[in-house]
Amino acid sequence: MIELLNSSLLAVTKGYYIRQVIVITALFVTGLVWTGPRGSSNKKLCVRNISLAFPVGLALFSMWGLFLLITGIPFNALTVSILTVLSCVMPLILYRDRINIKKTDIRLLVLTLIGAFFLALLACSSTLSVTIDNDSVYYYSTYPSILVKEGRYYKYFDTFLTDVGQSSAVINTLPFLYGFDNTFGIQHFMNISFLVFFGDSIFRMLKNRGSEKREALICAITAALFLLTSAPFIFIAKWVMSNVYFMEYLFITFILGIQMSKDRDELPEYISFVLMFTLSMLRVEAAVIAAVMVICLSFTEIKKRTIVLCFMVPLFLTQCAYYLALYLRMGVDPLYSFLDIKKALVVILALGMVLIYLLFVRDTISKNEKLKGYLPVMLILILLMGNLAAFVINRERYLNNLNTFYLNIRLQNGWGYFGFMMFIAGMAGVIYIIGKKLIITDVFVVFYYAYMLTIIVSCWARGGMLRMGVGDSGNRMLLSTVPFTVMLIVKALAALRRKS
Amino acid sequence: MEKIKNAIKKYYIALILFFCVILNLAALYFKPLESIQNFYVYHSQSMYHEDFMDEGRYPDLYLRAVARDKNVRVAREVQDYSAYPSYGRDEEESNPFSKEYLIDNDYIRYFGEYAKKVTTDKTLPFGEDVKKMMEGHEADFADLGIANDLLRYSFALNHEEVQQARAFWYYWYYHAFPEKKPNRDEAYPRVYVNPDEMAEEDELVALWDENENLYLMSSRYYEDIIEGGEDVD
């Protein structure tokens with residue numbers, strides 16, 4: 001009977017493989033149009049730009065898909081494809097003076113495209129395993145298929161509208177728009193792109209700290225291998241869920257933000273706009289975590305115009321537009337849901353306050369060097385107070401959640417021995433903060449703690465108790481911090497050499 | 001010796017990270033991730049995996065794959081909620097919701113979503129008649145598992161504004177259905193599929209009994225074997 005089932009599946013899914021490969025390659029090319037042109041010197045295509053091509057292409061697709069759904073314009077293969085392709089005209093016009101066909105290394109470009117195609121063939125083959133559960137099947141496959149069939153949001157989608165990361169749902173509409181059945185290849189290709197980006201980030205970080213090129217390269221490769229082989233990363237990377245996209249887009253957006261604070265000319269700023277637009281809707285709690293990330297970026301030298309237009313505006317706009325569509329236009333009010341109108345209003349209010357801070361307060365504070373130096377530790381204190389408030393309001397839920405986090409790590413529910421690594425990274429950060437006498441200049445360290453504290457309070461705010469098991473939502477959120485932990489460990493090791 | 005010392009000093013970060021990689025691999029060896037969660041290597045491009053049949057999970061992933069380009073024949077058309085006794089009485093404390101609204105319509109909506117076309121054939125059996133017709137043919141069908149999640153999430157396919165029903169829907173398939181049954185999983189409706197010629201045929205027949213056990217087969221199989229009473233070759 002199994003043979004008959006398999007043969008029937010093989011017969012009906014003929015053509016699915018090559019279609020997914022073509023979609024991946026098309027998204028890669030789309031992203032490369034955005035990430036390719038860089039710098040007034042029109043340097044060659046570099047590892048960073050190549051590794052960002054697919055994430056940016058996928059984010060573009062997700063952004064336009066979400067735009068169509070929120071505005072009520074018909075969502076189908078034609079409309080979203082037209083918008084995604086047309087938006088490629090924008091970088092070609094804006095950066096036309098940087099694009100010099102004669103200077104472009106055509107051979108490298110062709111090799112890159114061929115390489116991407118062959119990697120897509122590998123990603124879509126049956127070589128790499130995945131893990132799926134109920135949420136994978138219903139929230140991130142069934143619901144996206146219904147979105148494609150209906151072509152717009154409807155009130156009767158009910159809890160799918162309040163409990164599902166909408167950007168993730170849009171990403172998972174790709175099979176149903178373009179004629180295949182799963183997103184395994186897309187997810188694997190995203191993971192590969194991310195690992196290359198991660199390695200490149202480590203490489204650049206070490207080079208900036210004075211390492212030689214060869215040494216930085218070897219460290220970058222071993223760091224990427226360390227990430228790749230850690231249990232938390234394997235679980236999240238292979239789990240067909242929103243966590244993988246959130247983990248990877250959060251890291252990419254944050255690192256690019258830090259880079260933009262140092263070198264505005266490196267990559268077009270509007271790439272961050274696209275990434276933030278997608279990131280803010282990947283999970284229900286994404287907006288809150290993204291806002292904390294933006295606050296951390298505000299502690300750098302990043303220009304006000306950049307952080308407001310490229311980071312805060314897409315974050316604020318998506319949340320406002322979505323909640324307006326959800327609660328005012330459609331009148332959605334499920335009996336059981338993670339997100340209700342009260343929580344939505346709190347989120348909008350909080351984002352509004354962050355926007356006001358960026359527009360009117362940040363620059364004033366930055367003029368006072370001493371005060372500016374203490375801002376990062378003040379953020380951590382505010383988040384600690386937020387956690388304290390949560391504890392006071394509902395002690396039982398707060399303590400239960402903390403205990404569940406601890407037990408899931410200790411009992412290795414998806415952690416392996418990586419809990420120990422988190423402890424090392426945490427201690428390294430504390431030593432750094434004490435050594436700096438609370439004047440933190442490395443925003444990565446700030447964000448690491450801020451991220452953890454935000455996860456704890458977000459899980460509390462969601463309602464309900466966390467549970468034991470690798471699949472628990474809170475556990476998965478914590479597992480998703482793994483790239484930040486590895487990066488922090490490498491930074492700590494690099495700092496040792498500087499000290500010596 | 002001096003060279004080694006210098007190399008360690010220069011590449012200590014990489015060496016420590018490499019040591020961590022070895023630790024990771026050792027941890028994966030002694031406690032494989034498969035011991036915590038199932039990982040699947042796929043042999044088709046469908047989201048349905050053959051292990052799901054043994055696990056009795058996600059039959060809908062198979063259904064949507066095979067029904068995609070096919071016409072599916074069902075016994076009835078979708079009935080509006082107004083045709084059922086509890087219409088207009090949802091807010092009553094006794095919660096008199098007519099579960100027949102779900103039993104009659106869920107699968108039709110499901111195939112309406114995933115099949116190329118759904119046609120109504122009033123000659124097809126329905127409810128208790130299905131059980132009687134299927135007797136003796138069980139061996140021809142693969143038991144793909146329980147259908148409660150398929151049915152639970154089919155609320156999104158319903159364009160009627162039946163909010164209370166939606167809550168009931170969720171509750172019915174998740175809690176009430178298996179109530180008072182000794183084995184929770186045995187209580188739920190199941191999906192049975194005859195995969196023979198399923199890919200080759202353009203038309204399928206979907207039957208379900210009063211307990212919402214679904215039987216999906218090719219049109220040829222239904223006409224020749226179930227209706228016609230022939231033996232399977």
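Visitor: How many residue pairs are in polar contact between domain 1 of chain A and domain 2 of chain A?

Guide: One residue pair, with both residues at pLDDT 80 or more. A polar contact is a pair of N or O atoms within 3.5 Å; within protein, one must be able to donate a hydrogen and the other to accept it, and residues adjacent in sequence count only if both atoms are side-chain atoms. This is a predicted model, where local features need pLDDT of at least 70, side-chain atom pairs count only at pLDDT 80 or more, and totals for chains, interfaces and linings use all residues. Side-chain values use heavy atoms, without hydrogens and water, residues are numbered from 1 along each chain as its sequence is written, and chains are lettered from A and ligands numbered from 1 in the order written.

Visitor: Why is the pair A:Asp442 and A:Arg209 called a salt bridge?

Guide: The closest N and O atoms of A:Asp442 and A:Arg209 are 3.7 Å apart, and the rule asks for a side-chain nitrogen of Lys or Arg within 4 Å of a carboxyl oxygen of Asp or Glu, so the pair qualifies.

Visitor: What makes A:Asp181 and B:Arg64 a salt bridge?

Guide: Their N to O distance is 3.1 Å, so this pair also meets the rule. Across the interface of chain A and chain B, two salt bridges are found.

Visitor: How many residues of chain A are in contact with chain B?

Guide: 77 residues of chain A touch 67 residues of chain B, contact meaning heavy atoms within 4.5 Å.
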